[in-house]
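This report describes a single protein chain for a reader who is new to structural description. Please keep the sequence and the structure in view while reading.

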Amino acid sequence: MVEKSIQDGSPGRTSQAAKSMGGSQAPIKQRVKMVEKSIQDGKFELNNNKKEMQVLRSECATLEAKNKETTNEILKEILEDIANLDKDFKKLVEMDNNEVKFLQQQLFQLTQEKTKLQQSVVILDTRVANVENDVGFE
């Protein structure tokens, strides 16, 4: 009763498979084959997972490159738009400055004309007063 049953695990009992030489090795061989099969299946799954991981990494790298390219294109367009807006703004500022200068010139000319008119009015008032004196108009 030295041999104990692997299957039932009870002390003092011997299994029928353990009594015969061929029978005792069959379950072990079967168990080894099952373990080897599990290992092969695990290796197969591991290889599939590695391949899938490589595909996903490749897709990720491709998407990252496309994303970077798109970002660069958008950035380029934005910078061009900013440059155009800046150019347009400078043109508008220049046009406004020119208009202000023109209006200042117009104001200066009108001021001069007003001064001349006021001087002419004073001269005419003086002449009218002299003519009235000469004519005797009171």
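The sections below cover the basis of the model, the chain as a whole, its salt bridges and its surface patches.

## Basis of the model

The model is predicted: local features need pLDDT of at least 70, side-chain atom pairs count only at pLDDT 80 or more, and totals for chains, interfaces and linings use all residues. Residues are numbered from 1 along each chain as its sequence is written, and side-chain values use heavy atoms, with hydrogens and water left out.

## The chain as a whole

The protein chain has 2 helices and 0 strands; helices (H or I, at least four residues) and strands (E, at least two) are DSSP runs, numbered from the N terminus. Helix α2 covers residues 21-135.

Of the 138 residues, 3% count as buried. Here buried means under 20% relative accessible area, exposed means over 50%, and partly exposed lies in between (1.4 Å probe, protein chains only). The accessible surface of the chain comes to about 13100 Å², and carbon and sulfur atoms account for 58% of this surface. Such areas come from the Shrake-Rupley method with a 1.4 Å probe; for residues, only the protein chains shown count as cover.

## Salt bridges

A salt bridge is a side-chain nitrogen of Lys or Arg within 4 Å of a carboxyl oxygen of Asp or Glu. The count by this rule is 2.

K37 is partly exposed at 46% relative accessibility, and D41 is partly exposed at 37%.

Another salt bridge links D86 with K90, with 3.5 Å between the closest N and O atoms. D86 and K90 are separated by about one helical turn, because they are 4 residues apart in helix α2. D86 counts as partly exposed at 37%, whereas K90 counts as exposed at 53%.

## Surface patches

Patches are made of residues with over 30% relative accessible area and no salt bridge; like charges are joined within 9 Å, and nonpolar side chains (Val, Leu, Ile, Met, Phe, Trp, Tyr) within 5 Å. I74, L75, I78, L79 and I82 make a nonpolar patch of about 460 Å². Within this group, I74 is located in helix α2 and is partly exposed at 45%.

A patch of negative charge is formed by E69, E73, E77, E80 and D81. Asp and Glu count as negative and Lys and Arg as positive, while His and the chain ends are not counted; the place of a charge is NZ of Lys, CZ of Arg, CG of Asp or CD of Glu. E73 also lies in helix α2 and is partly exposed, at 42% relative accessibility.
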